[in-house]
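Hi,

Here is the structure I said I'd pass on to you. Have a look at it first, and then read on for my notes.

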Amino acid sequence: MRRTTSLVSCVALASAAVLGFTTPATANPTAASGVQTSPYVALGDSYSSGAGVNPLVATAPPVCSRSQLNYARNIVAVTKPESFTDVTCSGATTADFFSSQSLGVAPQLDAINTSTRFVTMTIGGNDEGVFVDAFFGCSTVAPGQVFGNPCEQKFGTTYTDLIKNVTYPNLVRALSAARAKAPKATVAVLGYPQILPPVGSPLCYPAVPISMGDVPWLVNQQKVLNDAVRRAAAATGARYVDTFTPSAGRDACAPVGTRWMEPVSTAINALALHPNAAGEAAMAQATLTAIGR
């Protein structure tokens, strides 16, 4: 039987359960699909940590900005695993799976082992500075230039080339290592939700100061990244979870109450251009659907 939860229910469940580093068992962790969800380990970057979404996990390293409402904890509220470990950390790259991201933050792959049965993550967006240098960098290339495509003119195919030639093999290496350390685990790799609308709007420019012509260029870049994640998942036996399609119309230019991503200048309870609580819950729901819950 397929078990899904509504977006509102996911947020309510996660808000009600202030989860610690591990959680006790209250239900059978195995779905009818055969996916065992305990022990569960959450890996990944700021989209996985729920960066900036209060309340934060008080015991987590401050650099990680780990939210009590991140998508992993929404999943936990539904699947109720016997064991749950959350090592998600804002700013993480695939390299941080293998080495310490910063003082007090262990390599993320240290958290999984042969007993692990379920792993989730978003990863790859920070590799080669793709998100930071492009999505945030574009607003500094030609400040105040509403129209035109100054960022695309400056960088051309730089970032998509990096994704294809560097990020993709990094993803394969990281996922292969996760599979090797946890050979019996179901590894779910989430794509990134839509950050921007398909085309730019001058009405959105004050909140997201990216020139109109650069918006579709960035959207294409995100599609290339998600495709790299999808292909790496297929190449390593992981499950790819599409969060881009269900987030259509809920990007950072959508109004409050509709958007799953927060804008730059008026972000509410999330980092700029990152998922808010509703976005994290939606990512959880997409994952639950993907594993037959």
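Predicted model: local features only at pLDDT ≥ 70, side-chain atom pairs only at ≥ 80, totals over all residues.

**Overall layout**

The protein has nine helices and five strands. If you walk along the sequence, the order of elements is α-β-α-α-β-β-α-α-α-α-β-α-β-α. Of the 293 residues in the protein, 55% are buried. As for contacts, take those with a separation of 6 or more: 75% of them are between residues 24 or more positions apart.

**Disulfides**

How many disulfides does a search of the whole structure find? It comes back with three. With the bonded cysteines numbered in sequence order, they pair up as 1-2, 3-4, 5-6.

Start with Cys64 and Cys89, whose sulfur atoms sit 2.1 Å apart in a disulfide. The torsion about their S-S bond is about -85°, so this disulfide is left-handed. Cys64 is in the loop between H2 and H3, while Cys89 is in the loop between E2 and strand E3 (118-121), so the bond ties together parts that are 25 residues apart in sequence. Cys64 is buried, at 0% relative accessible area, and Cys89 is buried with a value of 0% as well.

Next come Cys138 and Cys151, with 2.0 Å between the sulfur atoms of their disulfide. Here the S-S torsion is about -90°, so the handedness is left again. This pair links two helices: Cys138 belongs to helix H5 (residues 138-141) and Cys151 to helix H6 (residues 150-155), so the parts tied together are 13 residues apart in sequence. Cys138 and Cys151 are both buried.

That leaves Cys204 and Cys253, which form a disulfide with their sulfur atoms 2.0 Å apart. With an S-S torsion of about -80°, the Cys204 and Cys253 disulfide is left-handed. Cys204 lies in the loop between strand E4 (186-190) and helix H8 (214-236), and Cys253 lies in the loop between E5 and H9, so this pair ties together parts that are 49 residues apart in sequence. Are the two cysteines buried or partly exposed? Cys204 is buried, since its relative accessible area is 8% and the cut-off for buried is under 20%. Cys253, in contrast, is partly exposed at 28%.

Which peptide bonds are cis? One runs from Ser38 to Pro39, with omega near -5°. Pro39 is in the loop between helix H1 (7-16) and strand E1 (40-42). Another cis bond joins Asn54 and Pro55, where omega is about 5°. Pro55 is found in the loop between helix H2 (46-49) and helix H3 (71-79).

Positive phi values turn up at Lys80 and Leu273, neither of them a glycine. For Lys80, phi is near 50°, and the residue is in the loop between H3 and strand E2 (84-86). Lys80 has a relative accessible area of 28%, so it counts as partly exposed. For Leu273, phi is near 60°, and its place is in the loop between strand E5 (239-241) and helix H9 (277-290). At 3% relative accessibility, Leu273 is buried.

**Surface patch**

Finally, there is a nonpolar patch on the surface made of Val132, Phe136 and Val264, and together they have about 210 Å² of accessible area. Phe136 is part of helix H4 (residues 130-136). With a relative accessibility of 31%, Phe136 counts as partly exposed.

Cheers

Note on methods
Residues numbered from 1 in each chain as written. Heavy atoms only, no water. Patch = residues over 30% accessible without salt bridge, like charges linked within 9 Å, V, L, I, M, F, W, Y side chains within 5 Å. Areas by Shrake-Rupley, 256 points an atom, 1.4 Å probe, with all protein chains shown as cover. Salt bridge = Lys/Arg side-chain N within 4 Å of Asp/Glu carboxyl O. Helix = DSSP H or I, 4+ residues; strand = E, 2+ residues; numbered from the N terminus. Buried < 20%, exposed > 50% of the residue type's maximum accessible area, 1.4 Å probe, protein only. Contact = heavy atoms within 4.5 Å. Disulfide = S-S within 2.5 Å.
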